[in-house]
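Colleague: I have a few quick things to ask about this one. Can you put it up on the screen?

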Amino acid sequence: MADNVNKPDHYTQGDVECIEAIDSATTGLVGMVAVCVANVIKYVWRFARKNGLEDLDKADYYLQRVRKIVREKVERERQTNFNFDKGE
């Protein structure tokens, strides 16, 4: 009998559970970046076994959010690290 709470079939592929992959993939990440990366993995992981294209659309939504967060961080760091003494 399937355990839809602790080990749903759509979150297990081979011997690996999605939650284990997410735990490894998000090590060292924090805040919304960790949340978004976890959701990308979750939705891509299960799309073929659960909601198909809808899950891929959800994964894309979270991927776009994490890209925006990272781009904004990179831009802030560029502005902060801009050195006027080098004529840049």
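Modeller: Before any counting, one term: two residues are in contact when heavy atoms of theirs lie within 4.5 Å. Also keep in mind that this is a predicted model.

Colleague: Fine. Of the contacts with a separation of 6 or more, what share comes from residues 24 or more positions apart?

Modeller: Those residues account for 47% of such contacts in the protein chain.

Colleague: And how many helices and strands are there?

Modeller: The protein chain has 3 helices and 2 strands. Along the sequence the pattern reads β-β-α-α-α.

Colleague: What percentage of the residues is buried?

Modeller: Out of 88 residues in the protein chain, 24% count as buried. The chain exposes about 6,700 Å², and 54% of that is supplied by carbon and sulfur atoms.

Colleague: Which residues make up the largest nonpolar core?

Modeller: That core has 5 residues, namely C18, I22, A38, I41 and W45. Two or more of its residues come from each of α1, which covers 18-25, and α2. The biggest contribution is from α2, with 3 residues.

Colleague: Take C18, then. Where is it, and is it buried or exposed?

Modeller: C18 is in helix α1. It counts as buried because its relative accessibility is 2%, and the cut-off for buried is under 20%.

Colleague: What does I41 touch, leaving out residues up to four places away in sequence?

Modeller: I41 touches C18, I22 and A25.

Colleague: Now the helices. At what angle do α1 and α2 pack?

Modeller: The angle is about 150°, and the axes are 10 Å apart. Angles over 145 degrees count as roughly antiparallel, so α1 is roughly antiparallel to α2.

Colleague: Left-handed or right-handed crossing?

Modeller: The crossing of α1 and α2 is right-handed.

Colleague: And which residues meet there?

Modeller: From α1, they are C18, A21, I22 and A25. From α2, they are A38, I41, K42 and W45.

Colleague: Let's move on to the loop. What does T26 touch?

Modeller: T26 belongs to the loop between α1 and α2. Not counting residues up to four places away in sequence, T26 touches A34, V37 and A38.

Colleague: Why does T26 count as buried?

Modeller: Its relative accessibility is 15%, and anything under 20% counts as buried.

Colleague: Next pair. How do α2 and α3 pack?

Modeller: Helix α3 covers residues 53-80, and α2 and α3 pack at about 155° with their axes 8 Å apart. That angle makes α2 roughly antiparallel to α3. The crossing of α2 past α3 is left-handed.

Colleague: Which residues make that contact?

Modeller: On the α2 side, they include M32, V33, C36, V37 and Y43. On the α3 side, they include D55, Y62, L63, V66 and I69.

Colleague: Pick V33. What is it in contact with, past its close neighbours in sequence?

Modeller: V33 is in helix α2, residues 31-46. Leaving aside neighbours within four places, it is in contact with V66 and I69. V33 and V66 are 33 residues apart in sequence, with their C-alpha atoms 5.6 Å apart.

Colleague: Last one, D55. Is it buried or exposed?

Modeller: D55 lies in helix α3. It is buried, with a relative accessible area of 0%. Leaving aside neighbours within four places in sequence, D55 is in contact with Y43, R46, F47 and K50.

Colleague: And how far apart are the C-alpha atoms of D55 and K42?

Modeller: They are separated by 8.8 Å, and the residues are 13 apart along the chain.

Conventions. Residues numbered from 1 in each chain as written. Predicted model: local features only at pLDDT ≥ 70, side-chain atom pairs only at ≥ 80, totals over all residues. Heavy atoms only, no water. Helix = DSSP H or I, 4+ residues; strand = E, 2+ residues; numbered from the N terminus. Buried < 20%, exposed > 50% of the residue type's maximum accessible area, 1.4 Å probe, protein only. Areas by Shrake-Rupley, 256 points an atom, 1.4 Å probe, with all protein chains shown as cover. Core = buried A, V, L, I, M, F, W, Y, C linked by side-chain atoms within 4.5 Å. Axes fitted to C-alpha atoms, helices over the stretch in contact; angles between N-to-C directions. Parallel < 35°, antiparallel > 145°, perpendicular 65-115°, else oblique. Left-handed = near helix turned anticlockwise from the far one by under 90°.
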